[in-house]
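Please read these comments alongside the model. They are set out as numbered points.

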Amino acid sequence: MRSLFSIIILSLIVFSTSYSQSNYYYSPKFYGGISVGYYGGFGIQGSATISHFVREIPLSIRLGVGYTSTDPGNPADARRIFINDATNGVPEKSGEIWDFRADFIVPIKLFARSSIYAGIRYSLFTADFRFIDGNEFFTISSNDFGLGGGLETQFSLSSNLFLLASAGADYYFSNKLTGHDTEYSSDGENVNPRRDYTFDDADNAINQPKLQPRIMIGLNYGF
């Protein structure tokens, strides 16, 4: 994963130098932003960006944290794979993703203030399942690293305020799902598995982050 990330960053720097260096001015600036949109469900993200901080290279760095309410998966399958074969009770479910991201951003000649971005990701996923009148409540979770990238454009609303629209995708290297006293791992080192269920069975039942399309719109304010 490290080598892939290094290739992505090097490509971004070369690409940005070839296409944008002639219009680059050295003027470090900080931005704070908030965005909403789709990320496997309704999501909201806060971010902090520093731009134009390296001479001769039009490079920005952004740190962000987001929260998404998402469909956690199939309650009946989750119960069977992680708990037991009981079917009583009315199922209820909820899921959430906390995602943390660090991106390198470089401008491109497309339209308005367009840029491409790429970076590393880390997600905290939680799925809650409840079987009302069945006395069964359990949580399944996973924490995974990933990589992501995309395209974004800013439209000036004032000298320091910008409308930001972005589209991209993140990919997470999912390798473990934990729930109750059971754990399924992609390397086959499972803990208290039920029957002959595998990580693939658990992964199919639970909607943990894997390939996540991302469409966001929001505001950036420059300080």
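1. Basis. The model is predicted, so local features are given only at pLDDT of at least 70 and side-chain atom pairs only at pLDDT 80 or more, while totals for chains, interfaces and linings use all residues. Residues are numbered from 1 along each chain as its sequence is written, and side-chain values use heavy atoms, with hydrogens and water left out.

2. Fold. The protein has 3 helices and 10 strands, where helices (H or I, at least four residues) and strands (E, at least two) are DSSP runs numbered from the N terminus. Their order from the N terminus is α-β-β-β-α-β-β-β-β-β-β-α-β. Contact means heavy atoms within 4.5 Å. Among contacts with a separation of 6 or more, 68% join residues 24 or more positions apart.

3. Surface. Of the 223 residues, 41% count as buried; buried means under 20% relative accessible area, exposed over 50%, and partly exposed in between (1.4 Å probe, protein chains only). The protein exposes about 11,500 Å², and carbon and sulfur atoms supply 59% of that area. Areas come from the Shrake-Rupley method with a 1.4 Å probe; for residues, only the protein chains shown count as cover.

4. Cavity. A search of the whole structure finds 1 cavity of 30 Å³ or more, and the largest cavity has a volume of about 120 Å³. Of its 15 lining residues, the closest to the centre are Gln 45, Arg 62, Glu 152, Ser 166 and Arg 214. A cavity here is a set of points, on a 1 Å grid over the protein atoms alone, where a 1.4 Å probe fits but cannot get out; lining residues have an atom within 4 Å of a point. Points are joined across faces, edges and corners, and the volume is the space filled by probe spheres set on them.

5. Lining. Strands β1 (29–38), β2 (41–51), β4 (90–107), β7 (161–172) and β10 (211–222) each supply at least two residues of the lining of the largest cavity. By class, this lining has 4 nonpolar, 6 polar and 5 charged residues. Ala, Val, Leu, Ile, Met, Phe, Trp, Tyr, Cys and Pro count as nonpolar, Asp, Glu, Lys and Arg as charged, and the others, Gly among them, as polar.

6. Gln 45. This residue lies in strand β2 and is buried, with a relative accessible area of 8%. Its side chain makes a polar contact of 3.5 Å with the side chain of Arg 101. A polar contact is a pair of N or O atoms within 3.5 Å; within protein, one must be able to donate a hydrogen and the other to accept it, and residues adjacent in sequence count only if both atoms are side-chain atoms.

7. Asp 170. Which side chains does the side chain of Asp 170 meet in polar contacts? Arg 101 is joined to Asp 170 at 2.8 Å, and Arg 121 at 2.9 Å. Asp 170 lies in strand β7 and is buried, with a relative accessible area of 1%.

8. Helix α2. In this helix (residues 75–82), Pro 75, Ala 78, Arg 79, Ile 81 and Phe 82 are buried. The buried residues of α2 pack against several elements, including β4, β5 (113–132), β6 (136–156) and α3 (199–205). At the start of α2, a side-chain oxygen of Asn 74 comes to within 3.1 Å of the backbone nitrogen of Ala 76.

Methods: On a 1 Å grid over the protein atoms alone, a cavity is a set of points where a 1.4 Å probe fits but cannot get out, and a pocket is an open set with protein on both sides within 12 Å along at least five of seven lines; lining residues have an atom within 4 Å of a point.
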